[in-house]
Structure formats: C-alpha cells, structure tokens
Amino acid sequence: MVVGLYAMKKGFDYNVRKSGTDIWYVTCKDTDCGWRLRAKKYVLSNMFEVSTFHNVHTCSLNLRGKDNRQTSPLIVAHLIKDKFATDGSDHLAYDIRKSMHKDYGIQMSYEKAWRCREKALHLARGTLEDSYSKLPSYLHMLQLRNPGTITDFVVEDGRFKYCFFSLGPCIRRFRFCRPVVCVDGSFLKTRYGGQMLCAVALDAGSHIFPIAFAIVNSENHNSWTYFMRKLKEIGDIENLAFVSNRHQSIVQFHREFENIRAMNVAVAQYLEEIGFEKWVRSYFPGVRYNVMTSNWAESFNNTTKNARGFLIKVFYYQTV
C-alpha cells in the first residue's frame, strides 16, 4: 500500500520481481531503469523493513507514467477515504475523476472512479451487512442507557425486516408537547434501500421534537401498519391526529365527496366504509391544536437527508 501510493504520487509504475513471506522486491517497469526497492520481514513481527532503495529513475518520463497500473481502486480509496468518514455523500465518481486528474494527472474512467468510491465507503464506514448485524446490540445498549426506551428488531427468514425505537426521554417529554403526532417517511440511499419512518411532535416552545423512528427494508409494503402499531404501544403517545381532508366544513366536504361518487361509485363506497372520522377533517372527533399539515416530519427528514447515505447503524447514531 505504501509503495503503491508513493508510485502513484510520483507518476511511475513498477513490477514485482519477487514476493514471498519474508521478502518483497520491486523494480521500475522499464527493465533498463535503476529504480528498485527491496524489503525484508522482521523475524519476530509481521512488519517489513526497507533494506535497499535506489530512488533514481533512468527511464524516459513518457514511459514512466503511461499506464498508471498502480492506480488501483484500493490505492485511490485509501487516498479519499477521509472524505467519507463524516459525510462525503456528495463526493461522487465525477468528483473523484476530476480530483485525480488535477492532483496526479491521472485519467480515470467513470466505472473505475465508481469502484474507488465504493471501496472508500467500505474503508471509512464498514460494510452494510456488518452494520445491520450490529443493530440488535446497538438497540440493546439504547435500552440500557436510556430507561423507558422501547425497541423492536424483526428478522424474517434470516433477513432484516423491521427496526423500531423510541427513546425513553422522548416518550416522557411528549407529555409536555401538543398531543398530535405527525408521521412521514423518506427513502434511504444505501444499496439495500428501504425507508426511514419518523414521528415528530411540537413542544411547548414550538420546536420540532422527534418521538420515534423505524427502518424497514424495501420489500415490505406493510411498513406503515407496523410503525403505527408500535407507536400505539407507547402509552404516553395518545390522540394521534392525521390531517387528510382540506375541508373543515361538513357541507363543503359532502359537496366535494359527491363529485368523487359521480366519478367512481366503487371508490366512494370504499371511502365511506373506512369511516369519515378517520380521514376527513370536519368529522375528526379529536383536537388538532392548530396542526393542519405534516410539515413537521418533512422538516425533520430534511435535516437528516445527508445521513440517509450512511450505514444503517451510523444513521441511527447520527439521528439520535
């Protein structure tokens, strides 16, 4: 790795002449060039020590850096991995190609730049599979460190299905919030996709306050049902309100509803069977406390848009 980075920065390629458990010997790709490096392994460790290093090139400059063979995805990934350690979600393959050409004069295809980005993500954040496998222990520690926390982790046929948590302090604080919960979801940007669902409320200072979160994989169509069932298991969260119809007057609503019936009788019948009180403002029996939209949850989703490209455990950690 060290020699590969050095060769890339200096703009030359080398050939491995000898590689074994105790020795490593490389020369410039031009057989007539005098550049060479030899390293031997320490007897009592896995470290190698450079024993011979002739750092003088006698080959042509045009021949020296023509192929850029040492610019492997792994080498480039080590150069750019720090960009992905905290955020870096916007550092795309195009940016990698541009920076490699600017800093090292290397022309790189889009496909190779994409592989470099994938390897850099793995070096900086680990793998998606490893992140999912650590979720149960992470949720367990959340419960230990935050009394009253509710978590749930569901696996079906050996595959991740649902994950849910609501922190104890969030549940207790909801007693001092408006008794209205807004729910919204947004898609994750990792290879496995899925959705992040969140429920938020408004505290006494009119600040958006998160109540609960869930992650569901991309194949589950009952994610909202699962999320709402878990929310209702939280004793302190009651009087859930959902704004579904814009008309606050019953007369105005029925005038509009007759238009729906005229267009499709089956749809109108289905909506009636659901119950107007579940989706019409004017029939809603509870108090909405001046909450007319679900923009609270949408605003919170906007604050976590960068984190949606992280591994699942890191995303949860940053959200909390």
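## Ground rules

Two strands count as paired if DSSP finds at least two bridges between them. Helices (H or I, at least four residues) and strands (E, at least two) are DSSP runs, numbered from the N terminus. This is a predicted model, where local features need pLDDT of at least 70 and side-chain atom pairs count only at pLDDT 80 or more, while totals for chains, interfaces and linings use all residues. Residues are numbered from 1 along each chain as its sequence is written, and side-chain values use heavy atoms, with hydrogens and water left out.

## The four-stranded sheet

Let's start with the open sheet that runs β1-β2-β3-β4, built from 4 strands with antiparallel pairing. Its edge strands are β1 and β4 (48–54), each pairing on one side only. On average, neighbours here are turned by 20° against each other, direction ignored; axes are lines fitted to C-alpha atoms, for helices over the stretch in contact, and angles run from 0 to 180 degrees between N-to-C directions.

Now look at β3 and β4, an antiparallel pair held over 6 bridges. Here L37 has F53 in β4 as its bridge partner. Helix α1 packs on this sheet and touches β1, β2, β3 and β4, its direction making about 160° with that of β1. Contact means heavy atoms within 4.5 Å.

## A salt bridge between loops

A salt bridge is a side-chain nitrogen of Lys or Arg within 4 Å of a carboxyl oxygen of Asp or Glu, and the structure has 4 of them. One joins K29 to D13, with the closest N and O atoms 3.6 Å apart. K29 sits in the loop between β2 (23–28) and β3 (36–41), and D13 in the loop between α1 (2–10) and β1 (14–19), so the pair ties together parts 16 residues apart in sequence.

## Two packed helices

Helix α3 (residues 73–80) packs against helix α5 (residues 110–125) at about 55°, their axes 8 Å apart. Residues that meet across this contact include L74 and V76 from α3, and C116 and L123 from α5.
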